[in-house]
Amino acid sequence: MSNDIKHTEENPLIHHPENDSQYSGLQVNSGVVQPPMVSPYLKRRKRRQLSVNDYVEGILKGNTTVLGQAVTLIESLAPQHQAIAQEVIAKCLPYAGHSRRIGITGVPGAGKSTSIDVFGMHVLERGGKLAVLAIDPSSERSNGSILGDKTRMERLAVHPKAFIRPSPSAGSLGGVARKTRETIMLCEAAGYDTIFVETVGVGQSETAVHSMVDYFLLIQLAGTGDELQGIKRGIMEMADGIVINKADGDNIDRANLAAAQFRNALHLFPLPPSGFVPEVITYSGYYNLNIDKVWDMIDRYFDFVKKNGYFHEKRRQQEKYWMFETINEKLKSHFYNNPEIDAMLKEKEQLVLASRQSSFVAAGDVLHYYFEHLK
């Protein structure tokens, strides 16, 4: 490119100092023209918007693509998506309820995802279809989630009869729990007869998952110090079965000792409402040891609770629980999403921070305004 080429509207070249007349001996070569990022021959086709009947038909046929899109609607916060999702759920409801819902929890690092991969393959080898719903912890700062459970479920991730859906907790565990319960119904309508729900493994999530599953499995480790300090009593009381992972190699003796400690601890707890005394079994998810024993324990539980009627009674109690939880969530959402309440909360927050009003009086003022003026 010679120095007599000038910058004009018709030739919008970036000005280079080398093109100045005082550098007449220099020459700047033009750059290589880059091809477009997208092929000009590519014709974009707009994705057809599925109707409620399209979603229902696809789910009942076991179409995993349609099922995944329906779950995305459930997780969406957009009102129009929620309206469609609720219609889909209502039409799929008659086809739901015919599965084993199993919650799996444990301390971080206990090997939940690896165990689910092994347990899931054991289930699929016996026939049927498996859905795995994993609640992934979100960052408190960025609200981001890795959603990397599939990477630790190498065989299930590529199995044609397995459906894995990770969901970010995103700081709102109650909302995620409700959406997970609705996803369970869609998976059952799609023909998945075994549902695994993996928790984030911290506190409140166990209570939420326990309220939507038939069997609650606690995965624990051995050789980490005082075994009974590693888990809260409340979680142990919710467990229908306890398994000690990584019982292999030099860790077998420690695993057996931990199992004995847990069995002794369980004797101090009252008998669960199911009437089934929780069992404790050691296994190794990595080396695929004693997986059949773990599943035999689960089979014994289901046989027991179906004979004594607790299975159906528990599901009825869960239905009632989630009705009230949904009401609570809707009321909370209505309160905090009201623009008048939002403005009043900001005003009251400043008064509280300035010590001009107590927290309790401020809360009382906001609630009084809400009940009196925003019914």
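C187 is buried in this predicted model, at 0% relative accessibility, where buried means under 20% relative accessible area, exposed means over 50%, and partly exposed lies in between (1.4 Å probe, protein chains only). C92 likewise counts as buried, at 1% relative accessibility. The structure holds 0 disulfides, a disulfide being a pair of cysteine sulfur atoms within 2.5 Å.

Because the model is predicted, local features need pLDDT of at least 70 and side-chain atom pairs count only at pLDDT 80 or more, while totals for chains, interfaces and linings use all residues. Residues are numbered from 1 along each chain as its sequence is written, and side-chain values use heavy atoms, with hydrogens and water left out.

The protein chain contains 375 residues, of which 44% count as buried. Its secondary structure comprises 12 helices and 7 strands; these are DSSP runs numbered from the N terminus, helices being H or I with at least four residues and strands being E with at least two. Contacts are defined by heavy atoms within 4.5 Å. Among contacts between residues at least 6 apart in sequence, 73% join residues at least 24 apart. The chain exposes about 21900 Å², and carbon and sulfur atoms supply 55% of this area. Accessible areas were computed by the Shrake-Rupley method with a 1.4 Å probe, and for residues only the protein chains shown count as cover.

A nonpolar patch on the surface is formed by M323, F324, I327 and L331, which together have about 390 Å² of accessible area. Patches are made of residues with over 30% relative accessible area and no salt bridge; like charges are joined within 9 Å, and nonpolar side chains (Val, Leu, Ile, Met, Phe, Trp, Tyr) within 5 Å. A salt bridge is a side-chain nitrogen of Lys or Arg within 4 Å of a carboxyl oxygen of Asp or Glu. Within this patch, L331 belongs to helix α10, which spans residues 310-336. L331 is exposed, with a relative accessible area of 52%.

Backbone geometry was also examined. Most residues other than glycine have a negative phi. In N288, however, phi is positive, near 60°. This residue, N288, lies in the loop between β7 (279-282) and α9 (291-307) and is partly exposed, with a relative accessible area of 45%. N290 is also placed in the loop between β7 and α9. Phi of N290 is likewise positive, near 65°, and N290 counts as partly exposed at 28% relative accessibility.
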